[in-house]
Amino acid sequence: SCLASLGLCDAVPKLAQAHARIIKWGLGSNPLVLTKFASASSDLDAVDLACSFVFAPDADARLYDAFLFNTVVRACAQSKRREALGFYRLMLRSGISPNKFTYPFVLKACAGIGDLRLGRAVHCSVVKFGFDEDVHVQNTMVHMYSCCGGGGGIEFARKVFDGMTKLDSVSWSAMIGGYVRLGESGDAIALFRKMQIAGVKPDEITMVLVLSACADLGALELGRWVESYVVRENVRKTVELCNALIDMFAKCGDVDSALRLFRSMSNKTIVSWTSVIGGLAVHGRGVEAVSLFDEMMASGVVPDDVAFIGLLSACSHSGLVEKGRDYFSLMTKRFGIEPKIEHYGCLVDLLCRAGLIQKAIEFVEKMPLEPNPVIWRTLINACRAHGELKLGEDITKRLIGKEPMHESNYVLLSNIYAKMSHWEKKTKIREVMDTKGMRKIPGSTLIELENEIYEFVAGDKSHDQYKEIYEMLDEMGREIKKAGYLPSTSEVLLDINEEDKEDALNRHSEKLAIAFALLRTPPGTSIRIVKNLRVCEDCHSATKFISKIYDREIVVRDRNRFHHFKDGMCSCGDFW
């Protein structure tokens, strides 16, 4: 009767009643009842109640067994609580030997904490108790190490993975997921290709991870292959997988396919809606994003704070200033959502992109939250773009006072001095960066061609075809100048003559990638590239001309948004 009542507990009050009955009926010394109570508590996220009873100071430790401890450790691990390791140690002190089910839970707890040293200590115990050949333990160990990637854990994860004699789809997914979490998307894709060669059939979890890597790299063709594979192999199309496909298409520059898939879904979650709204936003299709948001509300889906971030971003990228302000007010008045720093950041970005810098500063001064560095950098970039250089200099100096070890702040100030032609001050800033051991993040551009990902940096000569690429660059330069292109030499942040500045602009990574694509793809083919930084004014102008002269649609994803260049025009409408 007691076990049956515990099985029916679907709320904490019912669990408390069952607890009272256990005490009343004198069943507190029954191992089966204790374990069932711990399991019911775990399911209701009330593990504290279970532990205070099961591990009370006057409890009989002779009643404890591995199943009981596994239940408690699992519950703590699921909520990423460090107590999981405490109960594991108590298990060992109580003289109870762990079994093969114990370590996946303990390793999961280490993964949640992200403590590499602790994880390695548990690994030693795994070997000591002889479970290091169990595939489930090994899979969790790969996951654990990959979650501690910052301290070199990913290398330990790969070492365990490579040493496994039996690899299943979970093993591959754990290792691929580790690379994805660290942003090592190229390694994730390479490992997925090895998985295919090994003949292991991926499941929907693997597909979600691979799609995340595709989204990060902008690898549209591989993402399309994943979609066709899902259909061909009848991989279960979960909502999570559909959402991952939507996210991939949106981030790889094919937002129309994202919309197509979204419309075909019978079961949409708030994530589905926000993925498409956010996708439309970064593609500069703000009016459509606003329309979809209104459709979402009309369908009965209540927007959350993430949905409003996508909506405000859409207004920002499309210059919908008044609509953005209205939605910002609506968020609080109608839905009771307290604006977070991200929402304030979106509104500052909205005003800055529209050139309303003074209004943006007034808004920041009245914010109830302390502006974060992202908001200050938004203001600084706007000052630089709209010629408010002295104001930008003052804000940047203030930001450096708050974040003296953040290299991007010094780069911003250096760039402002270059724009002002204050070369001595610019040189001094660079010297300060060198003294502090800071380095500017180099600009790079990725392009996917024929199932390969190629990366270019400014002035790159590492490619096998670099001579042909530079010949194409020279041809591009001649053709766009004939069409009226004028180099934006103010973008070159060096004290050199105008001719050298033009040459420096011509060697930017995105132009190298476009030249490579023109060489390697048939006429009329769309070109898609991914830039790790914001596209510069000169490359933006040059790409307009290139799209018209070579009759190509060129899709550029930079750090902020997408730019669709076609017939000499850009989709951003200069709100970039």
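How many residues does helix H18 have, and how far does helix H18 reach from its first C-alpha to its last? In this predicted model, local features need pLDDT of at least 70 and side-chain atom pairs count only at pLDDT 80 or more, while totals for chains, interfaces and linings use all residues. Residues are numbered from 1 along each chain as its sequence is written, and side-chain values use heavy atoms, with hydrogens and water left out.

Helix H18 (residues 286-298) has 13 residues and reaches 18 Å, close to the 18 Å expected at 1.5 Å a residue (1.5 Å times one less than the number of residues); helices are DSSP runs of H or I of at least four residues, numbered from the N terminus. Gly 286, Ala 289, Val 290, Leu 292, Phe 293, Met 296 and Met 297 of H18 are buried (under 20% relative accessible area, 1.4 Å probe, protein chains only). These residues cover an arc of only 160° around the axis, which puts them on the same side of H18; the arc is that of the directions from the helix axis to the C-beta atoms. The face turned away from the buried side carries Val 287 and Ala 298, both exposed (over 50%). The buried residues pack against helices H16 (255-264), H17 (270-282), H19 (305-317) and H20 (321-333). Gly 300, with a positive phi near 95°, follows H18.

Arg 377 is found in helix H23 (residues 373-385) and is buried, with a relative accessible area of 15%. The side chain of Arg 377 makes a polar contact with that of Glu 403 at 2.6 Å (a pair of N or O atoms within 3.5 Å, one able to donate a hydrogen and the other to accept it; residues adjacent in sequence count only if both atoms are side-chain atoms).

Technical notes: Helices (H or I, at least four residues) and strands (E, at least two) are DSSP runs, numbered from the N terminus. Contact means heavy atoms within 4.5 Å.
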